[in-house]
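Me: I have a structure open and would like to talk through it. Could we begin with the terms and then go on to the details?

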Amino acid sequence: MTAERIAIHPPLARLPLVTLYVTDRCNSRCVTCDYWRHGRDDMDLAAVTRLLPSLAQLHTQMVLLSGGEPLLNSEWAAIAELLRRNGLKVWLLTSGLALAKHARLAAELFDAITVSLDGTDPETYAAIRGLDAFHKVCEGIQAAAAEGARPGIRVTLQRGNFRQLPAFVNLARELGARQVSFLAVDVANPHAFGRTDDFVSDLALRPEDLPQLERILESLEQDHGEDFRSGFIAESPQKLRRILEYFAAILKCGPYPKVRCNAPEFSAVIGATGRVQPCFFISGPLDARISDTGARPGGDLKGVLNSSAMSALRTAIRDGQRAECKTCVCSMWREPDKLGDSDFSLHHQANA
């Protein structure tokens, strides 16, 4: 690395957002994800406690609890309470299967809750999520809203549900959600979401679906103008059209939409076993692991993030050398002069 490169890209000193995979286990059976097939590990309270000095050193403001399904970790409440006691905002990303049961406690412990909901009826939900649990998830959203913690709803659009896009907006309002957000299903990265090398996808739109999605988006913009203006629909009409462009690119009918993302400059992902990644979609170096009490070696988070291997990986991402970035469905961007700001929005949507 040249002196010029070092001067332009100094070591990470602030990390406003940290995602913790508090478990690799999941009780959904999603066709888009393989965590439920292979996940075994949990992050325990002791591991999070050991992480606190690093979070303070890095001026972390928000911690997203994800997985897997974070509510399967028996210590999820203790972890959230510990983080809050140490001045951190805590955000839950959940399938919602257990949210009705834990709505009151979740409302007390989390500054924001996002629920993944991929169908507007029981049949579509079951086809995508692998469970007959549509009504249970809707009950959880309503229960959290009744406790004063109106969840955001995150929808992964794919061939099985894209026609329901307007219905998702209406359903979100009926359930008392704070916001609804949409992203395209990731079918370009064979290693995301715990997938193995034999991952085969038939989830993307087909050529005959593209004109229909275009008409749906046009209608949505006309019929839900106030929902766009108010932010109830998280994405702008222009950003939703990127989903159409993405599916067209998958079919080789056009280029992938240009990705603008610098997530590794202000956030990181820590897996249930302590592995550190620069983002959801790109694995970290093999030795990028925080310290634990087991046999696996590791280091403090700031040291791991600024190791030569991780710094080189961030440089490759920054310079557009990683193929995963070109097809990313969930990019995040902060202006360079605001990378260290403490006002990270609760409304950023993450993937899980």
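This is a predicted model: local features need pLDDT of at least 70, side-chain atom pairs count only at pLDDT 80 or more; totals for chains, interfaces and linings use all residues.

Me: Understood. How many helices and strands does the chain have?
Reply: The chain has 14 helices and eight strands. Of its 352 residues, 52% are buried.

Me: And what share of the contacts join residues at least 24 apart?
Reply: That share is 71%, taken among contacts between residues at least 6 apart in sequence.

Me: On to cavities. How many are there of 30 Å³ or more?
Reply: The structure holds two of that size.

Me: Which residues line the second largest cavity?
Reply: Its lining consists of Pro264, Ser267, Ala268, Pro278, Leu305, Met310 and Arg314. By class, these are five nonpolar, one polar and one charged residues. Strand S7 (267-270) and helix H13 each contribute at least two residues to this lining.

Me: Which residues of H13 are buried?
Reply: H13 covers residues 308-318, and its buried residues are Met310, Ser311, Leu313, Arg314, Thr315, Ala316 and Ile317. Just after this helix comes Gly320, with a positive phi of about 75°.

Me: What about H8; which of its residues are buried?
Reply: In H8, residues 165-175, the buried ones are Leu165, Phe168, Val169, Leu171, Ala172 and Leu175. Viewed down the helix axis, the buried residues of H8 fall within an arc of 170°, so they line one face.

Me: What does that face pack against?
Reply: The buried residues of H8 pack against helices H7 (134-146), H9 (210-223) and H10 (225-230), and against strands S5 (152-157) and S6 (179-184). After H8 comes Gly176, which has a positive phi near 85°.

Me: Changing topic: how many residues are in the largest nonpolar core?
Reply: It has 103 residues, and those with the most contacts inside it are Leu20, Leu65, Leu83, Phe110, Phe182, Phe247 and Leu301. In soluble globular proteins, nonpolar side chains tend to be buried together.

Me: What does Leu20 touch?
Reply: Setting aside residues up to four places away in sequence, Leu20 touches Met43, Val48, Leu51, Val63, Leu64, Leu65, Ser66 and Ile270.

Me: Now the backbone. Where is there a cis peptide bond?
Reply: The bond from Gly67 to Gly68 is cis, with omega near 25°. Gly68 lies in the loop between strand S2 (62-66) and helix H4 (76-85).

Me: Which residues other than glycine have a positive phi?
Reply: Among them are His59, with phi of about 55°, and Lys252, with phi near 60°. His59 is in the loop between helix H3 (45-57) and S2, whereas Lys252 is in the loop between helix H11 (237-250) and S7.

Me: Is Lys252 buried or exposed?
Reply: Lys252 counts as exposed, at 77% relative accessibility. The cut-off for exposed is over 50%, and His59, at 37%, is partly exposed.

Me: Lastly, where does Ala188 lie, and what is it in contact with?
Reply: Ala188 lies in the loop between S6 and H9. Apart from neighbours within four places in sequence, Ala188 is in contact with Tyr246, Ile250, Tyr256 and Thr327. The C-alpha atoms of Ala188 and Ile250 are separated by 7.7 Å, although these residues are 62 apart along the chain. Ala188 is partly exposed, with a relative accessible area of 29%.

Conventions:
Residues are numbered from 1 along each chain as its sequence is written. Side-chain values use heavy atoms; hydrogens and water are left out. Buried means under 20% relative accessible area, exposed over 50%, partly exposed in between (1.4 Å probe, protein chains only). Helices (H or I, at least four residues) and strands (E, at least two) are DSSP runs, numbered from the N terminus. The arc is that of the directions from the helix axis to the C-beta atoms. Contact means heavy atoms within 4.5 Å. A nonpolar core is a set of buried Ala, Val, Leu, Ile, Met, Phe, Trp, Tyr and Cys residues joined through side-chain atoms within 4.5 Å. On a 1 Å grid over the protein atoms alone, a cavity is a set of points where a 1.4 Å probe fits but cannot get out, and a pocket is an open set with protein on both sides within 12 Å along at least five of seven lines; lining residues have an atom within 4 Å of a point. Grid points are joined across faces, edges and corners, and a volume is the space filled by probe spheres set on the points. Ala, Val, Leu, Ile, Met, Phe, Trp, Tyr, Cys and Pro count as nonpolar, Asp, Glu, Lys and Arg as charged, and the others, Gly among them, as polar.
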